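Take a look at the sequence and the 3D structure below. Then follow the side chains along the chain.

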Amino acid sequence: SAPVADRAARAFLGLAWRQEKQEDSMASKGRFAPDFMIMQRRKDEENRRVYDEKFKSDSSLQRVAQWEQKTSNRIDRNAASRRVDSMARDLESNLEERRARLAALLAEEDAAYTVEQE
């Protein structure tokens, strides 16, 4: 759709350029067509319409691109956050296991020391 609109805009602008050249040659001769002002106004309106359509299309595409970029960044941030959370849970789990082993070892040593004291 966009290439077709671009082609149409270029074709229109080429036509407008040819019309301007004709109008410039008429102006240099000092005479204008009776409906010159009407044709000029129509040409200006058409140029404005083409510009507005292109602007709307570009704005829409820009909004979509920004949304995609924002969503991609959010996905990346969430994935990184999940990895960090997972690593923190693994570290906490390992620490708890180590504490349990050390507590069991301390209990054994305490029992052995108590037996030696008696």
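Predicted model: local features only at pLDDT ≥ 70, side-chain atom pairs only at ≥ 80, totals over all residues.

Asp58 is partly exposed, with a relative accessible area of 38%.

Residues are numbered from 1 along each chain as its sequence is written, and side-chain values use heavy atoms, with hydrogens and water left out.

Lys54 forms a salt bridge with Asp58. A salt bridge is a side-chain nitrogen of Lys or Arg within 4 Å of a carboxyl oxygen of Asp or Glu. Where do the two residues sit on the helix? Lys54 and Asp58 are four residues apart in helix H2, so about one helical turn separates them. An α-helix has 3.6 residues a turn, so residues three or four places apart point the same way.

## The helix that carries them

The secondary structure comes to two helices and zero strands. Helices (H or I, at least four residues) and strands (E, at least two) are DSSP runs, numbered from the N terminus. Helix H2 covers residues 36–117. How far apart are the end C-alpha atoms of H2? They are 119 Å apart, which agrees with the 122 Å that its 82 residues should span at 1.5 Å a residue. The expected span is 1.5 Å times one less than the number of residues.

The structure holds six salt bridges.

| Salt bridge | Closest N and O atoms |
|---|---|
| Arg41 and Glu45 | 2.9 Å |
| Arg49 and Glu53 | 2.3 Å |
| Lys54 and Asp58 | 3.7 Å |

Arg41 and Glu45 both lie in H2, four residues apart. Arg41 counts as exposed, at 55% relative accessibility. Glu45 is partly exposed, at 45%.

Arg49 and Glu53 also lie in H2, about one turn of the helix apart. Arg49 is partly exposed, at 37% relative accessibility. Glu53 is partly exposed, at 46%.

## A ring pair

The structure holds one aromatic pair. Tyr51 and Phe55 form this pair, and it is stacked: 6.3 Å centre to centre, with 20° between the planes. Rings of Phe, Tyr and Trp (its six-membered ring) pair if their centres lie within 6.5 Å; planes under 30 degrees apart count as stacked, over 60 as edge-to-face and the rest as tilted. Tyr51 and Phe55 both lie in H2, four residues apart.

## Buried and exposed

Buried residues make up 7% of the 118 residues in the protein. In H2, the buried residues are Phe36, Lys43, Val50 and Ser59. The protein exposes about 10,400 Å², and carbon and sulfur atoms supply 56% of it. Accessible areas come from the Shrake-Rupley method with a 1.4 Å probe; for residues, only the protein chains shown count as cover.

Technical notes: Buried < 20%, exposed > 50% of the residue type's maximum accessible area, 1.4 Å probe, protein only.
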